[in-house]
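Here's a quick tour of a structure, with an eye on its charges and its core. Have a look at the sequence and the 3D view first, then read on.

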Amino acid sequence: MVSETTLSSSKRSPSTPKFCNSFTTRIFADVAGDITIVVDGESFLLHKFPLVTLSGKIRKMVAEAKGSSVSNLELLNFPGGHQTFELAMKFCYGMNFEITTFNVARLRCAAEYLEMTEEYREQNLISRAEIYLNEIVFQSLQKSVEVLSTCEMLPPNIVDEIEISNGCVEAIAMNACKEQLVSGLSKLDCDGESRELKEDCVAWWVEDLSVLRIDYFQRVICAMGRMGVRSDSIIASLMHYAQSSLKGIGKCQFWNPSRTNSSPTRVEKDQRIIVETLVSLVPTDKSSSIPLTFLFGMLKMAIMLGATIPCRLELERRIALRLEMVSLDDLLIPSLQSGDSLFDVDTVHRLLENFLQRVEEEETEDYGYESDGLGCAGHGSLLKVGQLIDAYLAEIAPDPYLSLQKFVALIEILPDYARVIDDGLYRAVDIYLKAHPALTEQECKKLCKLIDCQKLSQEACNHAAQNDRLPLQMVVQVLYFEQLRLKNALSGSSGDGLLSQRISSGVPSAAMSPRDNYASLRRENRELKLEISRMRVRLSELEKEQMFMKQGMIDKAGNGRTFLTSLSKGIGRIAIFSGQGGGKRQKSGRKSRGSEGKTGRSRRHSVS
């Protein structure tokens, strides 16, 4: 057996054709090379007999050639280049070489190009490559990925025609299903172990798929979905592929908005295709839980790379499904438009629109007299989103480029019952007024009208009453409602009149339809439960004040006991250091008081 390096690494001048070595002349000692084949500018001096015996294409070319051109042939667009052609010629000459996962796809395409079929000889190169693919490659997920990655450098028409890529894709998906069954058993042994071990048990192959080109990766993920691979494994593959393909891309664009005005580069176009493809591959079933950090990361990349509108809207829709679980940092999306606000407020506004639409659809599905608007999970989510948006408003309020129109739109989009108290909203408005001193009086009034003074806490009312940035009309309202609240607290009513008024106004009219009555009842239920929530907040404030008062009384009582104790000790010291005379005087005094008491009692007896 002759080593591959001995056959192909002999040094020769550029003008000397390949295969003019000792091995060729020894096999064909009596026959000199009679044909020269050029592949990618490389010349190969060969012999017609072994080539036409195994290759149908070379046989046809020799038969069709006439005159002196029969000794010179050129193979155009040869799959795999001259290195793959050299391996195919070694097979024709009977030389031994090893078929591996890195050359089997090239050899299979070269054999198809040269028409090395069973028609010319049994166990020809096509059948040898097919045997290796079926018995070695397709039985292993890792080997299938390696072969599929080598197909990227081959002509797509030949690869698709001989179905190497399809075979690899199906093999990867099938082996992933097998691994899923095995991991299901291994996961039982992983209970109680570390988180890293559990992740290894779920899917160890997600990293292997990251070497594939995006079109092959898309075909693999689609095949896995058809064959029933778990959604969490598919999501893990998507996340790892995004991390490896989009790592550190475009950071300069977030801080250099002028960069977006120029035409995108080739790399940016490829990355935009990757983002759009990954978004289209995200599982659609509701049981799959996609990390919100991944969705926001993809949304930021889609905005930065200029992805299609459907791609961005799909990401926004998926985020809106769980908007109550979003953190404040996730919403702080930098804006890429020059001259605009520092943060992308329009995207957050669309997220809120999608979220409110989802809440409305859930309420419509729960239509019935037994359901209420605020008792469902949608209202709890709405309250969380209200707190989140108030924090977001306070975060973006210092932006000097944030227009009043966008700021007001974010406040108005949420319904009134999304906020139990308006302290967060008041804080955001106050920050905006401080950062935008150029606002007119009418604009300040328009902004402050969005705050419900009845929903401000005691602390917020105290701050608002002394706030010079607020319009005088709002300050008067705050003082009025605070006085009314104090009056109700002293009288002990605590809003019972308001509740009774709401209850009496909630009686449905006989002239209304059942659906209108139901809508009216739901609206009244919202108002009542919102009032109860406010009362709970007020009760908690009163409990805190009571605790502070008790603590103050305890402290004062402790100080009083200390003073009395020290005073009694001082008097005791005086009595200790006084003489016996003092004691006699004390006794005589007691005697005199006793005699006085006796005379008094006898005097009272004589009167009676």
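Let's start with Asp 399, which is buried but forms no salt bridge. Its nearest side chain of opposite charge belongs to Lys 406, 8.7 Å away. A salt bridge here needs a nitrogen of Lys or Arg within 4 Å of a carboxyl oxygen, so Lys 406 doesn't qualify as a partner. Bear in mind that the model is predicted.

So what does the side chain of Asp 399 reach? It gets to the backbone nitrogen of Tyr 401, at 3.1 Å. Asp 399 sits in the loop that runs between helix 20 (377-396) and helix 21 (404-412). Setting aside neighbours within four places in sequence, the residues in contact with Asp 399 are Ser 341, Leu 342, Phe 343 and His 436.

## Charges that do pair up

Side chains of opposite charge can pair when their charged atoms come close. The structure has 16 salt bridges. One of them joins Glu 130 and Arg 108, with N and O at 2.6 Å. This pair ties together distant parts of the chain: Glu 130 belongs to helix 7 (residues 125-137) and Arg 108 to helix 6 (residues 104-114), 22 residues apart. Are these two buried or exposed? Arg 108 has a relative accessible area of 7%, so it counts as buried, whereas Glu 130 is partly exposed at 23%.

Another bridge connects Lys 455 and Asp 422, whose closest N and O atoms are 3.7 Å apart.

In soluble globular proteins, nonpolar side chains tend to be buried together. Here, the largest nonpolar core holds 148 residues, and the members touching the most others are Ile 37, Phe 217, Met 224 and Phe 407. Helix 16 (residues 292-305) supplies the largest share of this core, with 11 residues.

Take Phe 407 as a close-up. Beyond its neighbours within four places in sequence, Phe 407 is in contact with Leu 393, Ala 397, Leu 402, Ala 428, Val 429, Tyr 432 and Leu 447.

## One proline in a loop

Pro 334 is found in the loop between helix 18 (328-331) and helix 19 (345-365). With a relative accessible area of 21%, Pro 334 counts as partly exposed. From Pro 334 to Val 345 is 11 residues in sequence, and their C-alpha atoms are 9.0 Å apart in space.

## The whole chain

Zooming out, the protein chain has 28 helices and three strands. Of its 608 residues, 40% are buried. Among contacts with a separation of 6 or more, 73% involve residues 24 or more positions apart. The accessible surface is about 34,700 Å², and carbon and sulfur atoms account for 55% of that.

Definitions and conventions
Residues are numbered from 1 along each chain as its sequence is written. This is a predicted model: local features need pLDDT of at least 70, side-chain atom pairs count only at pLDDT 80 or more; totals for chains, interfaces and linings use all residues. Side-chain values use heavy atoms; hydrogens and water are left out. A nonpolar core is a set of buried Ala, Val, Leu, Ile, Met, Phe, Trp, Tyr and Cys residues joined through side-chain atoms within 4.5 Å. Buried means under 20% relative accessible area, exposed over 50%, partly exposed in between (1.4 Å probe, protein chains only). Helices (H or I, at least four residues) and strands (E, at least two) are DSSP runs, numbered from the N terminus. Contact means heavy atoms within 4.5 Å. Accessible areas come from the Shrake-Rupley method with a 1.4 Å probe; for residues, only the protein chains shown count as cover. Lys and Arg count as positive and Asp and Glu as negative; His and the chain ends are not counted. A polar contact is a pair of N or O atoms within 3.5 Å; within protein, one must be able to donate a hydrogen and the other to accept it, and residues adjacent in sequence count only if both atoms are side-chain atoms.
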